[in-house]
Amino acid sequence: MKRYTFTSDVAVIGGGASGMFAALTAAKSGSRPSVTVYEAGERVGAKLSVTGNGRCNISNAGVSPERYHGSRRFAAAALELFSVQDAVRELGKYGVLITEEKDGKLFPYSLQASSVTDCLRFSCAEAGIALECDCAVRGIKAGKNGFVLTTERGEAFAKRVIMSTGSVAGVAASEETVYSPAVTLGHRLTRLLPSVVKVKTAAKELKALNGIKVNATVSAVKGGRLLRKESGEVLFTEYGLSGPPVLQLSRLVSSGECDCMLLDLMPEFSLEETEKILLSRGADFRDRPLSELLSGMLNKRVGQTVLKLAGYSPENKRAALIRAAGLIKALPVKVTGVTGMRSAQVCAGGIETADFNPLTMESRLVKGFYVTGEALNVDGDCGGFNLQWAWTSGYLAGKAAAEDIG
Ligand SMILES: Cc1cc2nc3c(=O)[nH]c(=O)nc-3n(C[C@H](O)[C@H](O)[C@H](O)COP(=O)(O)OP(=O)(O)OC[C@H]3O[C@@H](n4cnc5c(N)ncnc54)[C@H](O)[C@@H]3O)c2cc1C
């Protein structure tokens, strides 16, 4: 009989959020199989440790199918089986106490993403799971009794394999490293696009606003047709726009569906009200320099830019103020693309889900092979939805793999 460097009942490829969760679930289910996690990086949970600006937006009370893209029906079926409440309960078992903020976002009570990684890492050690770091899986073969993995540190044998390799978003890893285990076994890879990513614009006149943050409602449009609206803090940058509402809409830019964003800089006011406010300021503050006319109401530089775009001059004051009100309510920003996969938080696209069972994450093509998390063609909105997907898919795969072994 051939000797392998590593042998276990269950092999998990990738020690990220969904991989560690799958490993823990497997180790505690069924006949308590032996589990090894093979991680390419020098430590597990590297991405998890930087999520949510270091705070880890761990899930969201508002999880619903509409918040997921790619294979929405696949995600919906899985989320029915393992919900936000289930994730809160299971993470609690590993030491993560969770708190909900007013907007429904869930965070660890510690507000430290690294502490979530630590809880999962320690729980793995406590459950006897072997964490093999600096051990990328480069090849896989399916045999009669299990799988042989070619890792950077030797060959490994496992009866069941869970592929939790994440995606190419926000990391330096190649497409081949991340997706090849599934692709080698005959699974299809869909088109990959950056999502939850900064947006580039062609608006030269907005470059002067670099670094300014405003509260706005952002509408993603194409040919004047509204696609989706999001509100929150928008950041003007040297290359374009960022901030939560822009990141949320960026998938539409990536896919070419959106060619323009309309910024409503005073969402609480109607167009008529905004016009009225501007006309009365024009009359009340007629002696103020133009650069100050909108100060106190809008960010000074934003106000100046709006008046400039409206063609304001003392001679055409009224018409220009009416145009400025229109711009305040719908400042058009032509978008030209996104900043790219390396700067994206999430990857839209992945392994085709039609070849997988959404209740177990098991392949329909290769028995005993499972895929979880972002590696699959499921991506969520910004706000905790992607980590919830990692918990849901990781749990279902871990449980099914362990129970399958008996
Ligand atoms: C900056 C940033 C902030 C984010 N913030 C949030 C947030 O607050 N809330 C939220 O819901 N989502 C957030 N996300 C998205 C979230 O982090 C991911 O969706 C989630 O981590 C995906 O989990 P995963 O297990 O699929 O992949 P990952 O957590 O990426 O883990 C995959 C692991 O597999 C390893 N690997 C890859 N290929 C191989 C191989 N061939 N062999 C061995 N190992 C391999 C990788 O090194 C990695 O450790 C953020 C993402 C980024 C980049």
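Biologist: Why are α2 and α10 called roughly perpendicular to each other?

Modeller: Helix α2 (residues 72-81) and helix α10 (residues 385-405) pack at an angle of about 75°, with their axes 9 Å apart. Axes are lines fitted to C-alpha atoms, for helices over the stretch in contact, and angles run from 0 to 180 degrees between N-to-C directions. Angles under 35 degrees count as roughly parallel, over 145 as roughly antiparallel, 65 to 115 as roughly perpendicular and the rest as oblique. The two helices are therefore roughly perpendicular. The model is a predicted one, in which local features need pLDDT of at least 70, side-chain atom pairs count only at pLDDT 80 or more, and totals for chains, interfaces and linings use all residues. Residues are numbered from 1 along each chain as its sequence is written.

Biologist: What makes a stretch a helix or a strand?

Modeller: Helices (H or I, at least four residues) and strands (E, at least two) are DSSP runs, numbered from the N terminus. By this rule the chain has ten helices and 20 strands.

Biologist: Which residues of α2 and α10 meet?

Modeller: Ala75, Ala78, Leu79 and Leu81 in α2 meet Trp389, Thr392, Ser393 and Leu396 in α10; contact requires C-beta atoms, placed from the backbone, within 7 Å. This contact has six nonpolar, two polar and no charged residues. Here Ala, Val, Leu, Ile, Met, Phe, Trp, Tyr, Cys and Pro count as nonpolar, Asp, Glu, Lys and Arg as charged, and the others, Gly among them, as polar.

Biologist: What makes a residue part of the shell around the ligand, and which element gives the most to the shell?

Modeller: A residue is near a molecule if its C-beta atom, placed from the backbone, lies within 6 Å of it. There are 38 residues around the ligand, and Gly14, Gly16, Gly166, Gly170 and Gly373 come nearest. The elements that give two or more residues are α1 (17-27), α5 (175-184) and α10. Helix α10 gives the most, with four residues. By class, the shell has 17 nonpolar, 18 polar and three charged residues.

Biologist: How do you know whether Pro194 is buried or exposed?

Modeller: A residue is buried if 20 or more other C-beta atoms lie within 10 Å of its own, exposed if 12 or fewer, and partly exposed in between. Pro194 has 28 such atoms within 10 Å, and is therefore buried. Pro194 is found in strand β11 (residues 193-195). Not counting residues up to four places away in sequence, Pro194 touches Ala169, Ser254, Val338, Gly340, Met341, Ala344 and Cys347. Of the 406 residues of the chain, 50% count as buried.

Biologist: What is noted about the phi of Leu111 and of Asp134?

Modeller: Phi of Leu111 is near 55°, a positive value in a residue other than glycine. Leu111 lies in the loop between β6 (105-108) and α4 (113-126). With 13 other C-beta atoms within 10 Å, Leu111 is partly exposed. Asp134 has a positive phi of about 50° although it is not a glycine. Asp134 is placed in the loop between β7 (130-132) and β8 (137-142), and 13 other C-beta atoms within 10 Å make Asp134 partly exposed.

Biologist: Which residues of α8 are buried, and what do they pack against?

Modeller: In helix α8 (residues 300-309), Val302, Gly303, Gln304, Thr305, Val306 and Leu307 are buried. The buried residues of α8 pack against β13 (213-222) and α9 (317-329). Just after α8, Gly311 takes a positive phi of about 70°.

Biologist: How do you know where the domains lie, and what separates their centres?

Modeller: The bounds come from an automatic or database domain assignment, which gives domain 1 (6-193 + 347-405) and domain 2 (199-338). The centres of domain 1 and domain 2, taken over C-alpha atoms, are separated by 41 Å. Five residues of domain 1 are in contact with six residues of domain 2. By class, the side of domain 1 that touches domain 2 has three nonpolar, one polar and one charged residues.

Terms used: Two residues are in contact if their C-beta atoms, placed from the backbone, lie within 7 Å.
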